[in-house]
Structures are given as structure tokens and as C-alpha cells.
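Open the model in your viewer and keep the selection tool ready. The tour goes residue by residue, one stop at a time.

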Amino acid sequence: MDNDVAAGNTTSTLGHLALGLTLLAFGLGGTGVIDNVAAADAAGLATWVGGVALFLAGLLALRAGGTREGTAFAALGAFWFTWGTAVGGGVPAEAAGVFMLLWALLALSLTAAASGSGPFGQGVYGLLCVSLLLSGVAGLAGSGGLAKAGGWVAAVAGLAAWYGATATLAGWPTTLRRPSRGPATA
């Protein structure tokens with residue numbers, strides 16, 4: 001097996017695991033479903049797993065020739081590192097809302113670039129885009145309900161990314177297949 005192919009597959013799995021865990025922690029914190037846990041409590045995980053590990057996975061994917069995944073992971077690593085280090089630093093809610101909306105544009109680009117990659121590729125980035133849009137509008141409008149909705153969407157995106165990576169490692173199915181129909185009998 002070619003080393004570049006193996007590195008790309010490993011890098012992809014690592015990147016999706018890091019993205020999934022970060023989105024899940026951020027999303028669950030944003031929902032308020034767990035007492036005394038907020039999205040800001042995911043800052044450490046977002047900085048190191050979502051930021052540093054994802055950025056490094058992106059650089060490795062780029063080195064192995066994986067332009068789409070390398071760009072996605074490096075850019076999302078920069079996003080999570082910036083968010084993780086800035087949260088709780090006295091940033092006005094409106095500024096945080098604009099930050100989220102600007103990064104939603106990146107997620108929209110990643111969604112378009114992932115066309116043809118199946119539900120776990122395009123779906124995760126699409127859900128991330130929706131989550132960032134909801135979180136951004138919530139910050140600008142001061143809406144706790146929209147922030148919670150954004151948290152739920154992020155949590156679902158995190159579960160999808162985590163499942164996709166775990167399924168790759170475990171050999172589980174990542175597509176829904178229709179049962180084949182044999183010839184019609186009368």
C-alpha cells in the first residue's frame with residue numbers, strides 16, 4: 001500500500017475524530033442540557049483537540065496531497081484555537097456573533113467542496129455551518145433559544161463526525177444502501 005494513501009486515510013480519521021469530539025463538547029455545552037456546563041467550558045478541548053490537533057492533521061493531510069481535507073482541518077483548527085483562547089476573555093456578544101457568522105462562511109465553502117463525499121463528509125460541514133449561523137445570530141440578537149438550537153445542531157454534527165471516523169476504524173457502514181431488488185416475479 002502506498003504510504004501517502006495510508007497517511008491520508010489515517011489523517012482523515014484523526015481529523016474527523018478531533019472535529020467530532022470538539023463539536024460534541026461545544027454543542028452539549030451550548031444546549032444547557034447538563035447542569036453547570038456551558039459552551040465556554042469546552043474551551044480547553046477546543047484549543048488543544050479542535051485547534052492544535054486538527055490544525056496538525058490538516059498540515060499532514062496537505063503534505064500527503066489531500067487538499068480538501070487538509071484545507072478543512074487546518075482552517076477549522078485555526079477556528080477552534082481562536083475560539084478556545086478567546087472565550088471568556090470579555091469579548092462582547094455582538095463581536096462573538098460576527099466571528100461565528102464569518103466562520104460560517106468557511107463552513108459553507110467546506111460543505112460545497114465536500115460534494116460527493118457522502119453524508120458524513122458534506123453532512124458534518126453543513127450542520128457545522130447551520131450551527132455557526134445560529135450561534136452567530138444568537139450572539140447578535142441576544143437570543144438564548146437560538147444559542148441552544150445552535151448547540152443542538154453542533155452536537156448532532158459532532159456525533160456524525162465521530163461516527164464517521166469510528167465507522168472507518170471499525171469497518172462499520174457509512175452509507176445507507178437500498179436493498180437490491182431482484183427480477184420481478186408474477
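Start with F26, which is buried in this predicted model. Its relative accessible area is 7%. Next, select W80. W80 is buried too, at a relative accessible area of 1%.

Now show both rings. Their centres lie 5.3 Å apart, and the planes of F26 and W80 meet at 70°. That angle is over 60 degrees, so the pair counts as edge-to-face. F26 sits in helix α1 and W80 in helix α3, 54 residues apart, so color the two helices to see the pair link distant parts of the chain.

Move on to F79 and F99. Which way are these rings arranged? The centres are 5.6 Å apart and the planes at 20°, so this pair is stacked. F79 is buried, at 1% relative accessibility. F99 is partly exposed, at 22%.

Select F26, F79, W80, W83, F99 and W103 together: they make up one aromatic cluster. The structure as a whole holds eight aromatic pairs.

Now widen the view to the largest nonpolar core, which has 28 residues. L19, L23, L76, W80 and Y125 touch the most other members. Helices α1, α2, α3, α4, α5 and α6 each give two or more residues to this core. α3 gives the most, with six.

Finish on L23. What does L23 contact beyond its neighbours within four places in sequence? The partners are W80, V124, L128, A154, A155, A157 and G158.

Methods: Residues are numbered from 1 along each chain as its sequence is written. This is a predicted model: local features need pLDDT of at least 70, side-chain atom pairs count only at pLDDT 80 or more; totals for chains, interfaces and linings use all residues. Side-chain values use heavy atoms; hydrogens and water are left out. A nonpolar core is a set of buried Ala, Val, Leu, Ile, Met, Phe, Trp, Tyr and Cys residues joined through side-chain atoms within 4.5 Å. Buried means under 20% relative accessible area, exposed over 50%, partly exposed in between (1.4 Å probe, protein chains only). Helices (H or I, at least four residues) and strands (E, at least two) are DSSP runs, numbered from the N terminus. Contact means heavy atoms within 4.5 Å. Rings of Phe, Tyr and Trp (its six-membered ring) pair if their centres lie within 6.5 Å; planes under 30 degrees apart count as stacked, over 60 as edge-to-face and the rest as tilted.
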